[in-house]
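The sequence and structure come first, then the notes.

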Amino acid sequence: ANRYEFFPSVGFCLLLALAFEKWIVKSNDVSSLKKIPALAVLLPVVLLYSVLTIARNADWKDNFTLVNADIAKSPGDYSMEYKAGLELQEKYNKEQDPAVQKQINDESKAHFLRSLEMNPDYTESHADLGVAYLRENNFDSAELHFKRVIELYPGHYNATVNLATLFFKKQQFAEAIAYYRSALQLEPKDELAWYNMGICYSRL
C-alpha cells in the first residue's frame with residue numbers, strides 16, 4: 001500500500017527541504033564550513049533509511065514471504081489476510097505430501113476466516129475459502145461460501161463453476177448440470193465445464 005503514500009508525500013518532502021535549507025544550510029555557499037551542520041543532519045537520516053531499505057529487501061524473496069511480512073504491519077487489512085491465504089493455496093498446488101497439504105490448507109482457511117471477520121462481504125475470501133473446504137470434502141461449508149459469493153456477486157464465474165463441481169463430486173448430477181449451464185453462460189469456452197456436464201448427463 002506504500003504506493004498510495006508517494007504522491008501525497010511530495011508536498012511534505014518539499015516543505016522539509018525548504019526548512020532544511022533555511023535553518024540548517026542557511027547559505028548558498030556549499031563549500032563553506034556551514035555545510036557541516038547540514039551533513040550532521042543528513043548523514044544519520046541517509047544511514048537509517050539505507051539500513052531500513054536493505055533490511056526490507058529480504059521480504060521480497062517471493063510473494064509468500066512479502067505478504068507474511070506485511071500482515072503484521074497492516075493490522076485490520078482484510079485484503080492482506082486474503083492474499084496470505086491465496087499464497088498458501090498456491091503452495092498447496094505445488095505440494096505432493098498429503099500431510100503437508102492438509103497443514104497448508106488449514107493455514108489458508110485460517111487466513112480467509114480472519115479476512116471475513118474484518119469484512120464479512122468480501123467475495124474473494126468466501127470463494128477461496130469454499131475451495132479450501134471443497135478440497136477436504138467439507139461439502140456443506142463449501143456450498144455455504146460459494147452460495148454467499150453468488151448472493152453478493154451473481155456473475156462470479158469461479159464460485160458458480162465450483163458449485164457445479166461440488167454437486168458433481170456429491171453425485172447430485174441434476175444440480176451440477178444447472179450450475180455448469182450458468183457457468184457456461186459466463187465462460188462459454190470452458191472445455192472442462194462442457195466435459196463435466198457431459199459426464200453428468202451420461203450418469204443420468
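R148 is partly exposed, with a relative accessible area of 27%. The model is predicted. In it, R148 pairs with E151 in a salt bridge, with 2.9 Å between the closest N and O atoms. The salt bridge count for the model is 12.

**R148 and E151**
- Both residues belong to helix 8 (residues 139–152), where they sit three residues apart, about one turn of the helix.
- E151 is exposed, because its relative accessible area of 57% is over the 50% cut-off.

**R114 and E81**
- A salt bridge joins the side chains of R114 and E81, at 3.4 Å from N to O.
- R114 is in helix 6 (residues 98–118) and E81 is in helix 5 (residues 78–94), so this pair ties together parts that are 33 residues apart in sequence.
- E81 is buried, because its relative accessibility of 7% is under the 20% cut-off.
- R114 is partly exposed, at 34% relative accessible area.

- K73 and D70 form a salt bridge, and their closest N and O atoms are 3.9 Å apart.
- This distance counts as a salt bridge because the cut-off is within 4 Å.
- K73 is exposed, with a relative accessible area of 53%, whereas D70 is buried, with 14%.
- Salt bridges link K73 and D70 with R56 and D59 in a network.

**General point**
- Side chains that carry opposite charges can pair when their charged atoms come close.

Definitions and conventions
Residues numbered from 1 in each chain as written. Predicted model: local features only at pLDDT ≥ 70, side-chain atom pairs only at ≥ 80, totals over all residues. Heavy atoms only, no water. Buried < 20%, exposed > 50% of the residue type's maximum accessible area, 1.4 Å probe, protein only. Helix = DSSP H or I, 4+ residues; strand = E, 2+ residues; numbered from the N terminus.
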